[in-house]
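Hi there,

Here is the structure I promised to pass on to you. Have a look at it first, and then read my notes below.

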Amino acid sequence: MIDFSSWHSLLATLIGLALFTLIGVGIRLLTMLTIQQRRERMNRQINERLRVLMAAYRTLGGSFTGDLVVDPAHKRDLGADQLSGSDRNRRIRDAVEAALSDIILLGTEEQVRLAGQAAAELVAGRPVPTHDLVVSLRNFIRKALSLESLPADLALPEQGPARPSSNGGNKGDGKEGGKGGGGGAGDSGGGGGGMGLQGGADPALHHSDTDGHVP
């Protein structure tokens with residue numbers, strides 16, 4: 001109630017109302033700012049997660065032709081006569097291992113389970129197909145980006161690990177690039193048309209249905 005009995009009472013009432021309104025507006029602005037900052041932080045986290053998973057998608061599913069499984073062979077398991085042709089497979093395996101690590105960190109429960117199974121197969125020294133994991137990543141990314149589902153009658157070929165370019169491999173391992181110059185030249189001739197891997201997010205899983213990772 002506003003007291004009109006005197007100017008002093010009216011002035012005190014108006015000042016009280018002004019302070020009350022100012023405090024209410026301040027609380028509202030502070031609440032809105034807090035909510036906005038929280039949303040921005042969540043958006044950054046979601047964007048980073050999608051970026052990494054899309055990079056993993058490109059790494060694990062960047063190829064539709066050739067050998068669509070990951071060769072688990074390590075250099076120590078190869079003879080000297082096999083080392084010259086093993087660099088490309090080694091770089092694919094290293095990129096796939098990094099993508100699996102990203103998926104285990106940021107993927108959904110299904111993706112983490114599939115990535116864990118793939119990692120266990122690699123450790124056991126068995127060739128690893130990545131198509132099921134690629135399909136899971138593709139469905140998740142399309143849903144997160146509010147894209148329509150792929151038609152049920154669309155028969156896509158199986159996808160496998162991206163074939164790294166020879167330049168990317170030489171940058172990643174300077175010592176072996178110097179020792180195995182012949183192997184690098186062979187990769188340049190045989191895989192020059194392959195798609196390059198992105199290391200960071202690929203990245204980084206950005207989403208595009210090109211070759212990540214996790215994307």
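At what angle do the axes of helix H2 and helix H3 cross? The axes of helix H2 (residues 87–106) and helix H3 (residues 109–123) cross at roughly 145° and come within 9 Å. Here, axes are lines fitted to C-alpha atoms, for helices over the stretch in contact, and angles run from 0 to 180 degrees between N-to-C directions.

Before going on, please keep in mind that this is a predicted model, where local features need pLDDT of at least 70, side-chain atom pairs count only at pLDDT 80 or more, and totals for chains, interfaces and linings use all residues. Residues are numbered from 1 along each chain as its sequence is written, and side-chain values use heavy atoms, leaving out hydrogens and water.

The contact (heavy atoms within 4.5 Å) involves residues of H2 including Leu 100, Ile 103 and Ile 104, and residues of H3 including Val 112, Ala 115 and Leu 122.

As for the whole protein chain, it has 7 helices and 2 strands, in the order α-β-α-α-β-α-α-α-α. Helices (H or I, at least four residues) and strands (E, at least two) are DSSP runs, numbered from the N terminus. Of the 215 residues, 32% are buried; buried means under 20% relative accessible area, exposed over 50%, and partly exposed in between, with a 1.4 Å probe and protein chains only.

Ser 146 counts as exposed because its relative accessibility is 66%.

Best wishes
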